[in-house]
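Here's a quick walk through two bits of packing in this model. Have the structure open as you read.

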Amino acid sequence: MMTPLLQIMGLSVEIERVPLLSDISLEMNAGEVVALVGPNGSGKTTLLRAIVGEQKLSAGSTQLNGEPVANWNPRNLAKRMAVLPQKSVLNFPFTGREVVALGRTPHETGQAIDQKIIDEVLDYLDADYLADRLYPNLSGGEQQRIQLARVLAQIWTGNDRESDDKASEPKLLLLDEPSSYFDLAHQQMLVELVQALSKRNIAVLIVVHDLNLALACADRIAVMSCGRLVTCGKAEEIVTPELIREVFSVDAAIMRDPETGRQMLSLRGLS
Amino acid sequence: MRLVSGRQLLIYLLWLSPFVLISGVLIGPTSISLFNELNTQDLMILREIRLPRVILTALIGAVLAMSGAVLQGLFRNPLADPSLIGVSAGASVGASATILFGMNWFPLWTMLGLSSIAFGAFVGSTLAVLLVYRISTGPQGTSVPTMLLVGIAIAALAGAANNLMALVADNEMLRRMSLWHMGNLDLANWNRVMIGSLMLLVFLALLRGQAANLNAFLLGESEARHLGIDVDSIKKRLIFLTALGVGISTALVGTITFVGLIVPHLVRLLSGPDHRSLIPASGIFGALFLVLADLLSRLVFAPAELPVGVVTAFLGVPFFILILYQQRGRIL
């Protein structure tokens, strides 16, 4: 059997005896998109922090490519895994392009390749016009796009010189609410982007609040509540009005788009 | 918006350097002209007074400004300056205590041509930085916001200690203390230049290759970590190198404020926050700024001298305020 790209086994996190995450197990394969949903305080961000090794685990392990994340050399890890935190504060007057260029920090591919990658991701995120503007002057959504471009630049193409012969290694992108400031068009852009990334062998674990966005972009949905993983699976198999009521305390109807057959959620009221 | 690229700014500054340095050497209460024949007295002034003074001033200006740039990056706060990690506060307490208690640290130090005040200042600054660092470092690493607050607290404590010592000091001691606090470059001699150069070499060696890391730091510590940077060891290294640089500088010439705050800030306004150009440009800018300030300090009330700290404040602060005023509501 193939080693999963990301393997979380029996992960628990406690801070001062308060359990934040209990016994979470989750696997992600190369190129897969998993949406992590759950109410506020259900532990989504803590789980991301635990995966990347920023949060000490009290039990369990996380492995990337079969190797515990803690054992990775930070630089090699950065070439394989990029993280977009929920909010980044950057007060220094870098231009958009310079911020995106910081995503190339772990690589030694040289100016020419870096610039090409930066141009590509800026174009991809409809952010060319932000390249020469000062980051602190941008709107929330524009800043978010630049930050997204930065983490994309970090894992955009395959390999630095030493491993050129190998086809692009599978990579992992962790996004914590990347769309909180996005308008409709850019939300749709995000959906298409996330799906396109799987063709580049980039798996995406995305934390979102908007369930419709999760349904639109993810192969699987992982539902968290009170520090536990309630369920994880294909949307059509797991997303039911009962689950929504139980986890989010909201009455919802689940419908299908008449053309694409994709599920949609319509909220009817608090339960 | 940016006025010049980092590279252009560096080139301009390098062009400017010889003029500033040569003026610093030639102009003073006794002006020396290169076009006349130099007499022995002129040569003596050049060799024993002006040259070491200008070199030491430039070294220290460079180190203070680069330390400021590093700390502003590390604290992700464009208004941080070297005093924030407790260096200046510790140094001033060390110096005051040495003056007050007439401590003679150890003869070797005086043999090197340095006063025991310098040694006291160095000990004080080292202790203060260690204290700030220890308090703000927990099992999760060093907390930069805590460090900022602890630095302010230690500075306040040092201020109180200084006031207390000033209260019990006699007139002569009081005068020496306050002169030391204002920074005095007339202590320059070749021994100090040698120590300053060694310090600059170590400083630059430790700083090598850190510009890209500092750029990533500006995004935030966890963002930097996600970019594959060993945040904790780099933080330690940067704190160590600034403490070393500012500690020794302060020990050599007393406290000189504002250079570390204003110079990197101006450079950032001129050519952006990229540390790959910010640090070298701040270094040269800081050197030239301090040499000019020192030149003014010698000229304004010649033959009496103003403490250079007074000049840097009078020169730098209004300019700084002017810029802040113009930039109101815009991003600095």
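## A helix pair in chain B

This is a predicted model. In chain B, helix α8 (residues 190-207) and helix α11 (residues 231-253) have axes that come within 10 Å and cross at roughly 170 degrees. Angles over 145 degrees count as roughly antiparallel, so that's what α8(B) is relative to α11(B). As for handedness, α8(B) and α11(B) cross in the left-handed sense.

Which residues make the contact? From α8(B) you get R192(B), I195(B), G196(B), M199(B), V202(B), F203(B), L206(B) and L207(B). On the α11(B) side, the list runs R237(B), L241(B), L244(B), G245(B), I248(B) and L252(B). Sort the α8(B)–α11(B) contact by class and it comes out as 10 nonpolar, two polar and two charged residues.

## A sheet in chain A

Over in chain A, four strands make up an open sheet, ordered β2-β1-β4-β5, with antiparallel pairing. At the edges sit β2 (18-28) and β5 (67-68) of chain A, each of which pairs on one side only.

E14(A) stands opposite P19(A), which belongs to β2(A).

## A helix on the sheet

Which helix packs on this sheet? Helix α1 (residues 44-51) of chain A does, touching β1, β2 and β4 (59-64) of chain A. The direction of α1 in chain A makes about 65 degrees with that of β2(A).

Key:
Residues are numbered from 1 along each chain as its sequence is written. Chains are lettered from A and ligands numbered from 1 in the order in which they are written. This is a predicted model: local features need pLDDT of at least 70, side-chain atom pairs count only at pLDDT 80 or more; totals for chains, interfaces and linings use all residues. Axes are lines fitted to C-alpha atoms, for helices over the stretch in contact, and angles run from 0 to 180 degrees between N-to-C directions. Helices (H or I, at least four residues) and strands (E, at least two) are DSSP runs, numbered from the N terminus. Angles under 35 degrees count as roughly parallel, over 145 as roughly antiparallel, 65 to 115 as roughly perpendicular and the rest as oblique. A crossing is left-handed if the near helix is turned anticlockwise from the far one by less than a right angle, and right-handed if clockwise. Two residues are in contact if their C-beta atoms, placed from the backbone, lie within 7 Å. Ala, Val, Leu, Ile, Met, Phe, Trp, Tyr, Cys and Pro count as nonpolar, Asp, Glu, Lys and Arg as charged, and the others, Gly among them, as polar. Two strands pair if DSSP finds at least two bridges between them.
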